[in-house]
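User: I would like to learn how to read backbone and packing features in a model such as this one. Could you take me through them in turn?

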Amino acid sequence: MKFFVSMLMGLTGLLTYLVNKPGPAFEIETKNGGSFEVHEVRWGDKLEKYSANIMAPVCEEGICYNVNVVFNWNLIGEFIDYQVQPYDPLTKLDHKPFTLGDYAKLQRILTNHDLVFTGLAADKLVVKAEDTVDGYSGATIEAIKDEVIDGALFTCYTLWHIANGAVVDSIRQHTQRKLDKPMIAKIMGYNSSSAPYYLIETMSEVQFEQNLSEIIGLIKTGKGYFPKNAIEKIPEKLFGKKQMQDFLVQNYDSLSYYTQVAALNKLQKVPLQHDLVNKLLTQISERNSIQNQKIISLIIKSNYPDSIKKLVAHLSESKIKISEENYQLLQKTKVAGIEALEKI
Amino acid sequence: MKRLILLSFLFCQYALAQKPATILVEAESFDNKGGWSIDQQFMDVMGSSFLMAHGMGHPVADASTTVTFPETGTYQVYVRTRNWTAQWSDKAAAGEFQVVVNDKPLAKTFGKENGKWNWSEGGTVKITQKQNKLSLKDLTGFNGRCDAILFTSVPNYKPIEDKEKLTEYRNAYFGFDKNPKNAGDFDFVVVGGGMAGTCSAISAARKGIKVALIQNRPVLGGNNSSEVRVHLGGRINLEPYPALGNLVNEIGPSEGGNAQPKEYYEDEKKMKAVLAEPNITLFLNYHANKVDKNGSRIEKVYATNIETGEKVYFEAPLFADCTGDGTIGFLAGAEYMTGRESRDVYGEATAPEVADNLTMGASVQWFSEKKEQPVSFPDVKWGLDWDEAKAEEITKGDWEWETGMGLDMTLDFEQIRDYGMLAVYSNWSYLKNRAVNKEKFATSSLTWVAYVAGKRESRRLKGDYVLIEQDLTDQRVYPDGTAPTSWTIDLHYPDPENSKLFPGAAFKSIAKHIKIYPYPIPFRCLYSKNIDNLMMAGRDISVSHVALGTVRLMRTTGMMGEVLGMAAAICKEEKTTPRGLYQNYFPKLEAMMIEGVGNATLPKDQDYNLGGTLMEIVK
């Protein structure tokens, strides 16, 4: 009887598990007509990564077999790593099993976006008979030999395209739908140059506001054109906030010229703090630039009479030219000394 | 005494029969070029363009023309030619040809003597009619070359060997210098029709100014033309000016690949784009080779037609040097740089300790095709010494077939190009005739070898700023940034393996790369420091040797051209110089760069050979 009860409880538990087991997050169809299911991997209630069991047919010189591996991706669709089923090792030409070195190389290949062979059509990977001196076809072309695992060209090619193909966009869209503050924090922690770009591309206005300190932190440390792109993506109304304007007062000098211009564009329609206006006043250079004209326009529109007076005096002293539009704006302020200014 | 009278009588008879006359015939001006090609690449050095029999081992069809002689009689013949392989081989010459008068070849075979350009004596010919057919008959298909043919009945005539004096003689003979024609009325003269020059001209024309575009070949595109066959490289539509590159996208070939069939390079796409601009007057086959200056300004640029020798001049307030060689700047006395700067000059980590002339080289690319039947290729005697270790068992030569590192890319360029061809022919001849695996190549036919070599580096004209490695690697971005460069700092060196086999004379190269973020090239690198009305786009802009490694890619040089055209329009509108634009009107250029000059609605098909660039999100 005890045994029967235990069995019943066990079966009930299994049934409960099976009924409540999370289904796949989505399914991806591969180019050869196959498909695989992508699952969310959660630690507790936090979405940690995505995972999929991949079963794909691969042929090396006419000999085909099924690759059976588990792939893992992070929240922005970047491939993390793979696991092989213990009973189903990867093999090369003539069914030779992968060596440890081959497994390590496959990991490097799957995470590399700078490879020539991944950009080629499958039929361009091997030498065609008409291109060879001896009419022999099927050999890996010279230019990609070092990139791939010898004897496992199509395994590398197929798996790379699964790891970095349509699944990436699907993961990114899925993450965007579920994006919350802990996930944003997690993505910010990624050691990946595309992670901050993902965030500025996908965050909502509310999320920008909730995470403004962190975004400002990314701008301070961002490389390349990230700071400019981030400034362009931050909703305009947030530039009216003290936190944003304080950031600009403190960091304007260290931003690149193009980031500065992007910030000036965003400030055009929001009220400016007096200290930011005074900061901008110090940024007018003797060399003519679009930046100069944008700063001049901001100072005039800020309506701080003392700043406008300082502006006119500075322009006049340093013989800095102003655009027709700014000249007309200045005339409306009726500040003395405008007539002496030179126009572009 | 009797004898003396007889001699005098004979002399008078002779004199009455034939007034001494000299007839000069330029080979490049032949009515029918047959299979011969016009080569103008070295005319600044050896004095003229010439005809070359580029048959890749198969003699080309005869070139012919009609020559009018003032008098019948006996003429001494001289042929200006050279043995181009003499500097590497004392065995038979590669390029041999005959001069044929009225279908009878002269006894002498030309192209066998004199390693340098020189008048070869061709014996005498009896001319019995005023109109005569003159032909060049190629005997080898290996780049025999003929500059000019001279017939003279002047006793003891010595043709002029000195290049300058010979040029004066030619000009006087044909009357070229007497009345050079004014080419027209222009706001902006662009010299060089590669990607940089073509984009400069189109951009300026679209901004409403009158442009002359001068190109010394029959096609546009330069290194990206079907004559050189290097595909475009680098990225367009990048921060901080994503609209720059729309014009490159418009005229760039949609398919990539080096040393591919001719159609890949879409010469006609570039030509159509230029011809569609009513503000451009195109001068194809004109080589700019002289400059008139007034103080620090260029007043006129003169150009010679590479086929007819006719001269024209161009007057304009503004010029662009898109020649790649910095030819216009050089002629105008612009400050320039060559070779590799030492580390001390700019503090660049990649620069050598000691300055040298190890420039990047020029590529002679080639390919072969499989045929149905076995195809022969001459077992050349004049080639480089070759053996199994040296044999490259390949069917196509890409960018890495690169020569001339350490030589002068202007003065030594004929030698540089020729050595590239010599290496290709030597290898192919070995594969076809002597290699252990020669059977593998039995049906392969050498179908295309470039004779216009693809140059990477030459003079760099100095601007108000010289772009250096640290600007790129440390992202020192300046407010006058323009076209963004995105390719790696990609510097070429002689291939160590090839150098072991060919000490001091490698013909293959390796590339070393340093990745960068897209970097906007300062406008101050795009105009001359000391020639007030000269701008540059292309590989001859103001950069160090190291920085040249990235800016030299053709999508980037095309974008420089887009900027130059915009700048030219502003210079006209504001009656200012490029420096004046930088100092006073740069906001106008910024506004134009934000707007762009190309058609933004076209599909973006420039997605090949983008190169490794550090993180950049494409919008």
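User: Is Lys575(B) buried or exposed?

Analyst: A residue is called buried if 20 or more other C-beta atoms lie within 10 Å of its own, exposed if 12 or fewer, and partly exposed in between, with C-beta atoms placed from the backbone. Lys575(B) has 8 C-beta neighbours inside 10 Å and therefore counts as exposed. The model is predicted, so local features need pLDDT of at least 70 and side-chain atom pairs count only at pLDDT 80 or more, while totals for chains, interfaces and linings use all residues. Residues are numbered from 1 along each chain as its sequence is written, and chains are lettered from A and ligands numbered from 1 in the order in which they are written.

User: Which residues does a cis peptide bond join in chain B?

Analyst: The cis bond joins Glu239(B) and Pro240(B), with omega about 0°, and Pro240(B) is found in the loop between strand 13 (211-215) and helix 5 (246-251) of chain B.

User: How many bridges join strand 3 of chain A to strand 4 of chain A?

Analyst: Two strands pair if DSSP finds at least two bridges between them. Here 11 bridges join strand 3 to strand 4 (residues 63-73) of chain A, and the two run antiparallel, with Glu60(A) opposite Ile63(A). These strands form a hairpin with 2 residues between them, where Glu61(A) in the turn has a positive phi of about 50°.

User: How many residues of helix 13 of chain A are buried?

Analyst: In helix 13 of chain A, 11 of its 13 residues are buried, among them Ile290(A), Leu298(A) and Ser302(A). Just after this helix, Asn303(A) takes a positive phi of about 65°.

How values were computed:
Helix = DSSP H or I, 4+ residues; strand = E, 2+ residues; numbered from the N terminus.
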